[in-house]
Amino acid sequence: MRINLLKEGFIEDNDVYVLECLQETVIVNNNYLGINLYNKNLEQLKSINIFEGILIHTVFKHPYKNEVILYCPDNQVFVYLNLEKSFQKVVNFIGNMDEYGLSSVYFWSGNEVLFFCGNKKYYRIKIGFFSLKEIDLLELEKEYPTFYTMLNNSSKYLLHEGGTEILTYEDRINNEIIYLNYKNNVRIASKIPNKLGHEVMHLDNGLFLSVHEEFIQGIREGVEVTIIESVPPYTIFKARKQNEQNTNFIVLSGNKSNSQQCILSRYEVEY
């Protein structure tokens, strides 16, 4: 098994700190104005300006459509975006949401998106109405049993990757990294051979990627099976799988001495 570099794109004059992939579209922030979209060959498709001073903490993705919700706690807003139409809508926080963080476990079903906040409260955004509302635990358990189960399962462990019906978490007691797909009823576990990086994701067929600043390590069945290293002066910030149908993933690397320079790289795992 090895990891092959397929494509690389150099970005200047942009302090890129956000990376996400949706339907083979690569999403990064455009400084503090909005987002830029790239295709799978890392060619820029378009920019979507939102407002000056936006700070994007998390990109929540629709599992099947070109829609995202940006979580911007510094600005005390969510931003709904239809990437294809460039349609956007700002949804203001309610209550004391700005004082707490959101779990990366979320649930996007139809026109409803559910979140769990650090204040131990549950919130729902309804797309179309673009309304944010708090919901109680009884309603959550009754109307959204999968999300309720996901929250219970993830509360006991160190979460690395959350999404609609998907979790990747670290069980430190048993020294395992575990991937759960609730939709397909799949559970994959691997022993951890050494210290994990700042991000971990399940790529494909039992292969986990552990993302460190200096390298990305492939782990399978408790063994390091492949590795790629960063090239100075660049360090690895983030990595995201391109989609659920192949073994491609995108890496964001940045120059620590110049925040306006970064590299997007597309890799493929060859078995």
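## A briefing on sheets, cores and salt bridges

Leaving aside neighbours within four places in sequence, phenylalanine 115 is in contact with Phe60, Ile69, Phe78, Leu102, Tyr106, Lys121, Tyr122, Tyr123, Ile125 and Phe147. Keep in mind that this is a predicted model.

**Nonpolar cores**

- Phe115 belongs to the largest nonpolar core, which has 19 residues.
- Phe115, along with Ile69, Phe78, Leu102 and Ile127, touches the most other members of that core.

**A four-stranded sheet**

- Read the strand order as E2-E3-E4-E5, and you have an open sheet of four strands with antiparallel pairing.
- At the edges sit strand E2 (19-22) and strand E5 (44-49), each of which pairs on one side only.
- Going from one strand to the next, the twist averages 25 degrees.
- Inside this sheet, strand E3 (residues 25-30) and strand E4 (residues 34-38) run antiparallel and are joined by five bridges.

**Salt bridges**

- How many salt bridges does the structure hold? There are 10 salt bridges in the structure.
- One of them links glutamate 270 to arginine 2, with the closest N and O atoms 3.2 Å apart.
- Because glutamate 270 lies in strand E24 (residues 258-270) and arginine 2 in strand E1 (residues 2-12), this pair ties together parts that are 268 residues apart in sequence.
- Glutamate 270 is partly exposed, with a relative accessible area of 34%, and arginine 2 is partly exposed too, at 49%.
- Lysine 241 and glutamate 161 also meet through their side chains in a salt bridge (4.0 Å, N to O).
- Lysine 241 is in strand E22 (residues 234-241) and glutamate 161 is in strand E14 (residues 158-163), so their pairing ties together parts that are 80 residues apart in sequence.
- Are these two residues, lysine 241 and glutamate 161, buried or exposed? Both lysine 241 and glutamate 161 are buried.

**A charged network**

- Glutamate 199 and lysine 238 form a salt bridge through their side chains (3.9 Å, N to O).
- Since glutamate 199 lies in strand E18 (residues 199-204) and lysine 238 in strand E22, the pair ties together parts that are 39 residues apart in sequence.
- Glutamate 199 is buried, with a relative accessible area of 13%, while lysine 238 is partly exposed at 22%.
- The cut-off explains those two labels, because buried means under 20% relative accessible area.
- Glu199 and Lys238 are also part of one network, joined with Glu20, Lys61 and Arg240 by salt bridges that share partners.

**Around glutamate 170**

- You'll find glutamate 170 in strand E15 (residues 166-171).
- Glutamate 170 is buried, with a relative accessible area of 11%.
- The side chain of arginine 172 makes a polar contact with the side chain of glutamate 170 (3.4 Å).
- Not counting residues up to four places away in sequence, glutamate 170 touches Tyr157, Leu158, His160, Glu176, Ile177, Ile192 and Leu196.

How values were computed
Residues are numbered from 1 along each chain as its sequence is written. This is a predicted model: local features need pLDDT of at least 70, side-chain atom pairs count only at pLDDT 80 or more; totals for chains, interfaces and linings use all residues. Side-chain values use heavy atoms; hydrogens and water are left out. Two strands pair if DSSP finds at least two bridges between them. Helices (H or I, at least four residues) and strands (E, at least two) are DSSP runs, numbered from the N terminus. Axes are lines fitted to C-alpha atoms, for helices over the stretch in contact, and angles run from 0 to 180 degrees between N-to-C directions. A nonpolar core is a set of buried Ala, Val, Leu, Ile, Met, Phe, Trp, Tyr and Cys residues joined through side-chain atoms within 4.5 Å. Buried means under 20% relative accessible area, exposed over 50%, partly exposed in between (1.4 Å probe, protein chains only). Contact means heavy atoms within 4.5 Å. A polar contact is a pair of N or O atoms within 3.5 Å; within protein, one must be able to donate a hydrogen and the other to accept it, and residues adjacent in sequence count only if both atoms are side-chain atoms.
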